[in-house]
Amino acid sequence: MEGAFSNSMPSHFSYTFTPGTSSAYVTDTVTNTWMDTRIWSKLPQSLIDRVIAFLPPPAFFRARCVCKRWYSLLFSNNFLELYIQISPRRHWFLFFKHKSLKSYICGNNSNTTRGSGGQTSTTNIFEGYLFDPYDIAWYRISFPMVPSGFSPAAASGGLICWVSDEAGAKSIILCNPLIGSLSQLPPTLRPRLFPSTGLKVGPSSIDVAVAGDDLISPYAVKNLSTESFHIDAGGFYSLWGTTSSLPRLCSLESGQMVCVDDRFYCMNYNPFSVLAYEIAANSWCKIQAPMRRFLRSPSLVESMEKLILVAAVEKSKLNVPKSLRLWSLQACGTTWVEIERMPQQLYQQFEELEGGHGFDCVGHGEFIAIIIRGSDKALLFDILRKAWQWIPPCPYMNHGGGGDDELHGFAYEPTVTTPVTGLLDQLTIPFQSFSGLIG
């Protein structure tokens with residue numbers, strides 16, 4: 001365990017939170033309770049560590065400025081083991097600017113360096129936006145160590161999966177944005193363009209699936225095959241060694257998969273259905289979608305450990321009002337049950353803002369974020385409270401209404417340690433070095 005911690009820790013911390021805005025209804029109660037230093041200064045260090053482990057990430061990194069010992073907690077194996085045991089799970093979201101259909105990252109900051117010969121070079125610094133749905137707060141975070149030519153494709157267990165943009169065998173990086181750690185996977189075996197990617201990170205295992213967009217020629221792709229990567233603490237690993245065929249005539253769009261239990265799910269188009277990939281069995285099956293002929297902008301999300309289908313319903317020839325509905329896939333794996341419908345008055349407002357451009361969804365815990373394409377407008381739905389609310393605009397973006405304001409989101413669980421990445425150091429195959437690409 002200690003080795004896994006040390007292997008995943010960087011030599012220094014270079015990532016900072018920039019706080020954003022909070023909603024008007026969130027208030028902080030400030031008290032002037034007198035604290036007797038004779039008592040509070042003598043608290044056991046073990047108790048103080050437990051308190052710090054419960055802090056949300058922005059407060060944790062601010063606390064590291066208090067003293068040398070608190071600063072060094074990020075490199076203490078004892079504290080990190082305690083953190084893993086007691087730190088509460090936080091269902092946050094991580095957003096990036098949507099640059100184009102096939103590239104989700106906009107390098108909106110850059111560093112210009114001058115070499116010894118007088119030549120200059122510019123290195124993009126990728127930037128993301130963390131959203132805390134509990135406090136309705138935004139934070140900005142940068143990715144200076146991620147090489148150019150990569151785009152985020154999936155997220156799980158506090159790690160972001162970045163996939164190379166260049167056509168061919170795909171290089172994959174797993175990154176913890178809070179501590180700046182990078183772990184590289186071996187490249188895929190088959191050449192692909194922009195495949196769908198699924199990531200599942202558990203306490204002692206990592207699973208990655210890459211499906212579709214097989215590059216059959218420099219000018220054509222087909223959805224033919226799936227490659228899977230697995231490694232666990234028990235010593236078993238599969239390095240893209242086996243491939244499984246996708247269902248015939250499937251037309252999945254490039255993008256991320258949704259993981260529920262031991263399955264990856266993605267949407268199939270024309271007509272709409274849901275494709276499910278069984279990780280252990282390395283096989284696919286097709287699930288019929290509810291009201292498939294009347295759906296618009298369907299999205300799959302994971303919420304409360306269930307697969308949720310979110311879509312607008314439009315029956316043009318029937319006297320049924322347009323609506324946005326949520327269905328949950330039942331335990332049998334084939335039946336859908338409608339669990340929620342957006343209030344009609346809110347949907348009319350949503351439809352007017354959306355203007356037929358479509359929308360994307362991302363779910364995490366009890367929250368589902370619905371992002372209107374081509375804008376910075378987004379709704380947040382709380383499944384437990386059955387409450388809808390508009391998300392305040394991200395304060396770090398230009399809100400001019402252009403396409404560059406669009407956000408692409410991932411379910412993200414902030415954590416200051418990901419010891420499971422230490423398993424990747426056990427692989428003996430030579431990985432490609434990124435030293436020449438990092439600015």
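This is a predicted model: local features need pLDDT of at least 70, side-chain atom pairs count only at pLDDT 80 or more; totals for chains, interfaces and linings use all residues.
User: Which side chains of helix α3 are buried, and what covers them?

Analyst: Taking a relative accessible area under 20% as the meaning of buried, one can look along residues 45–53, which make up helix α3. The cover over the buried residues of this helix includes α4 (57–63), α5 (68–72) and α6 (77–86).

User: Is strand β24 largely enclosed or left open by the rest of the structure?

Analyst: Strand β24 spans residues 359–364, and five of its six residues are buried. Because of this burial, the rest of the structure leaves β24 largely enclosed.

User: Which residue of β25 stands opposite G363?

Analyst: Strand β25 covers residues 367–372 and runs antiparallel to β24, with six bridges joining the two. The two strands form a hairpin with two residues between them, and in the turn G365 has a positive phi of about 60 degrees. Within this pairing, the residue of β25 that stands opposite G363 is I368.

User: Which strands stand at the edges of the open sheet of four strands?

Analyst: The order in this sheet is β20-β21-β22-β23, and the pairing is antiparallel. A strand with a single partner has one side left without a neighbour in the sheet, and therefore the edge strands are β20 (295–303) and β23 (336–341).

User: What angle does helix α7 make with β22?

Analyst: β22 (residues 323–329) pairs with β21 (residues 306–313) over six antiparallel bridges, and in this pairing A311 has R325 as its bridge partner. Helix α7, residues 344–354, packs on the sheet and touches β20, β21 and β22. Between the direction of α7 and that of β22, the angle is about 105 degrees.

User: What is the volume of the second largest pocket?

Analyst: The lining of this pocket consists of 13 residues, and V260, D261, L329, Q330 and A331 are those that lie nearest its centre. At least two lining residues come from each of β17 (263–268), β21 and β22. The volume of the second largest pocket is about 260 Å³.

Methods:
Residues are numbered from 1 along each chain as its sequence is written. Side-chain values use heavy atoms; hydrogens and water are left out. Buried means under 20% relative accessible area, exposed over 50%, partly exposed in between (1.4 Å probe, protein chains only). Two strands pair if DSSP finds at least two bridges between them. Contact means heavy atoms within 4.5 Å. Axes are lines fitted to C-alpha atoms, for helices over the stretch in contact, and angles run from 0 to 180 degrees between N-to-C directions. On a 1 Å grid over the protein atoms alone, a cavity is a set of points where a 1.4 Å probe fits but cannot get out, and a pocket is an open set with protein on both sides within 12 Å along at least five of seven lines; lining residues have an atom within 4 Å of a point. Grid points are joined across faces, edges and corners, and a volume is the space filled by probe spheres set on the points.
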